[in-house]
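Open the model in your viewer and keep the selection tool at hand. The stops below go from a whole chain down to single residues.

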Amino acid sequence: MGLELYLDLLSQPCRALYIFARSNNIPFEFKRVQLVKGQHKTEEFRKVNVLMKVPALKDGSFTLAESIAILLYLVQKFKTPDHWYPSDLQKRARVDEYLSWQHANIRMKGSKLFLSKVLLPLLTGQPLPPEKLEFATEELNVTLTQFEEKFLQDKPFIAGSEISLADLVAVVELMQPVCAGYDLFEERPKLKEWRRRVEEAVGKQLFQEAHEEIMDVKNLTADQFAPELLENFKQQLLKQN
Amino acid sequence: MGLELYLDLLSQPCRSIYIFARSNNIPFEFKHVELFKGLTCAFYQAITFKKPYLGLPTSPDSVAWFCCANGTSYPAKLEASITAGPSNSEGAGKVSLLKKVPALKDGDFTLAECTAILLYLSRKYNTPDHWYPSDIQKRARVDEYLSWHHANIRANAPKTMWIKVLIPLFTGQPLPSEKLQEVMEGLSTSLKQFEERFLQDKAFIIGSEISLADLVAIVELMQPVGVGCDIFEDRPRLREWRRRVEDAVGKELFFQAHEMILNIKELSNIQIDPQLKEQLAPVLMKMLK
């Protein structure tokens with residue numbers, strides 16, 4: 001039994017993994033775990049990841065959670081080209097720096113805007129109060145400015161002249177609010193150019209394919225959610241907002 | 001000029017770097033950067049003279065610095081008067097554009113983010129393998145923890161200090177008990193997952209030896225301990241693990257690094273300039289969201 005990747009392409013970290021593995025021709029079995037159907041809560045999936053989250057990896061008897069850990073594992077195991085995780089100490093540190101910072105910043109704020117614009121109204125049947133949406137948008141913009149000023153600066157990619165894990169992890173996160181209807185690239189030409197470069201580096205077709213589902217997310221309806229999940233999800237989201 | 005580490009030991013990530021560097025005899029210059037200008041001074045006054053006063057000029061810099069250091073956006077009216085950082089640590093302001101601690105400066109190279117700094121140090125100084133194992137699966141376990149901890153342990157543990165000590169200090173009022181309860185519940189869930197998924201029945205997260213994962217975890221958990229929420233009390237397995245971690249890094253070093261946080265309650269005796277309180281209050285409340 002070969003490498004298995006448990007993914008739902010609606011999830012940003014899953015997309016990063018999918019694109020990375022495909023882009024590097026890493027052979028793997030795509031095990032779809034549909035979050036809206038609650039498939040991450042089954043006993044079967046729990047054996048793969050007791051934390052019940054996607055993405056997850058299974059390599060023989062070895063299981064692993066957390067997209068960054070999985071990406072680094074694949075880099076090492078399949079000896080992918082150096083630019084993904086440069087052996088140069090300082091360039092590598094730049095990638096690590098972004099991968100660490102992004103959790104509480106781009107990832108958190110991007111996800112929050114997505115949840116506020118798409119999921120919450122979908123599940124509660126009511127739009128989010130405009131002040132809350134404004135607040136979520138403002139918070140995201142603060143981190144986008146930090147991303148541009150601190151991480152990207154005037155370079156083509158975060159680590160320099162070539163794409164790395166950092167850019168991949170960043171771009172999939174930014175696509176979440178975009179697919180929710182907030183085109184953050186519109187007023188940020190530098191980011192827009194960077195995105196174009198990232199798409200070209202991984203392959204436009206692969207990038208589009210990975211984002212096909214999330215681009216269609218506005219067509220998601222409440223009845224597509226497993227009923228047990230619906231209430232749970234709703235309560236969780238309301239609490240966070 | 002050698003390696004410089006910009007640290008404030010009230011901050012958990014700073015403590016992990018401090019302990020790691022000292023434990024591995026990595027030569028560095030300790031550059032003290034305060035999360036809040038004057039706080040350390042006031043704190044030590046509190047412990048020694050018992051009559052501390054945090055009466056800083058109500059400089060917008062202080063508040064702006066504070067916001068940046070804690071990753072929260074500052075009130076719009078302060079934006080116009082942002083400078084490079086507080087005047088007593090200009091170096092730090094230039095070091096990290098994010099103006100956060102911890103930060104590293106190695107010649108011209110500057111670096112932020114605890115994980116990145118720890119990994120850089122482990123590679124540059126060739127620290128013993130167990131800290132970040134070369135074995136691919138063990139390494140993956142460390143990476144897994146370091147990634148997971150951001151949105152889990154680190155999402156709640158730091159809030160205990162804000163809720164029990166710092167916010168009441170700056171606003172003059174304690175917070176409703178539900179706030180702390182909510183945070184402790186969140187922390188409880190994370191701790192359960194930590195025991196079930198990461199520690200299990202092993203001595204340390206990766207097995208028989210300490211790694212960066214244990215270090216990063218322990219400093220985070222000392223935050224609630226310092227403010228009186230002893231999360232180790234009802235968790236014997238965690239308590240044992242903590243003891244092992246302390247032994248592995250050296251008890252003396254461990255307690256030295258934690259001196260401030262373990263005496264954090266002394267801060268409640270500090271008086272704060274009322275204007276400063278007024279400026280900080282909305283920022284602090286926002287941090288709880």
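The tour starts with chain A and then moves to chain B.

Keep in mind throughout that this is a predicted model.

**Stop 1: all of chain A.** Select chain A and colour by secondary structure: there are 11 helices and 4 strands. The radius of gyration is 18 Å, close to the 18 Å that the globule rule gives for 241 residues, so chain A is as compact as a globular protein of that length. Of the 241 residues in chain A, 56% count as buried. Now show the surface: chain A exposes about 10,700 Å², and carbon and sulfur atoms supply 50% of that area. Colour the charged side chains next; 32 are positive and 34 are negative, with the centres of the two sets 3 Å apart.

**Stop 2: a loop in chain A.** Select the loop between helix 2 (43-48) and strand 3 (56-59), where A:P55 sits. Which kind of peptide bond runs from A:V54 to A:P55, cis or trans? That bond is cis, with omega near 0 degrees. A:M52 is in this loop between helix 2 and strand 3 as well. The phi of A:M52 is near 55 degrees, a positive value in a residue other than glycine. Both features are worth a look because most residues other than glycine have a negative phi, and most peptide bonds are trans. A:M52 counts as partly exposed, at 27% relative accessibility.

**Stop 3: a loop in chain B.** Move to the loop between helix 6 (114-124) and helix 7 (136-151) of chain B and select B:N126. B:N126 is not a glycine, yet its phi is positive, at about 45 degrees. Is B:N126 buried or exposed? With 65% relative accessibility, B:N126 counts as exposed.

**Stop 4: B:N156.** Select B:N156 in helix 8 (residues 153-171) of chain B. B:N156 has a relative accessible area of 14%, so it is buried, the cut-off being under 20%. Leaving aside neighbours within four places in sequence, B:N156 is in contact with B:V183, B:G186 and B:L187.

Conventions. Residues are numbered from 1 along each chain as its sequence is written. Chains are lettered from A and ligands numbered from 1 in the order in which they are written. This is a predicted model: local features need pLDDT of at least 70, side-chain atom pairs count only at pLDDT 80 or more; totals for chains, interfaces and linings use all residues. Side-chain values use heavy atoms; hydrogens and water are left out. Helices (H or I, at least four residues) and strands (E, at least two) are DSSP runs, numbered from the N terminus. Buried means under 20% relative accessible area, exposed over 50%, partly exposed in between (1.4 Å probe, protein chains only). Contact means heavy atoms within 4.5 Å. The radius of gyration is taken over C-alpha atoms; the globule rule is 2.2 Å times the number of residues to the power 0.38. Accessible areas come from the Shrake-Rupley method with a 1.4 Å probe; for residues, only the protein chains shown count as cover. Lys and Arg count as positive and Asp and Glu as negative; His and the chain ends are not counted. The place of a charge is taken as NZ of Lys, CZ of Arg, CG of Asp or CD of Glu.
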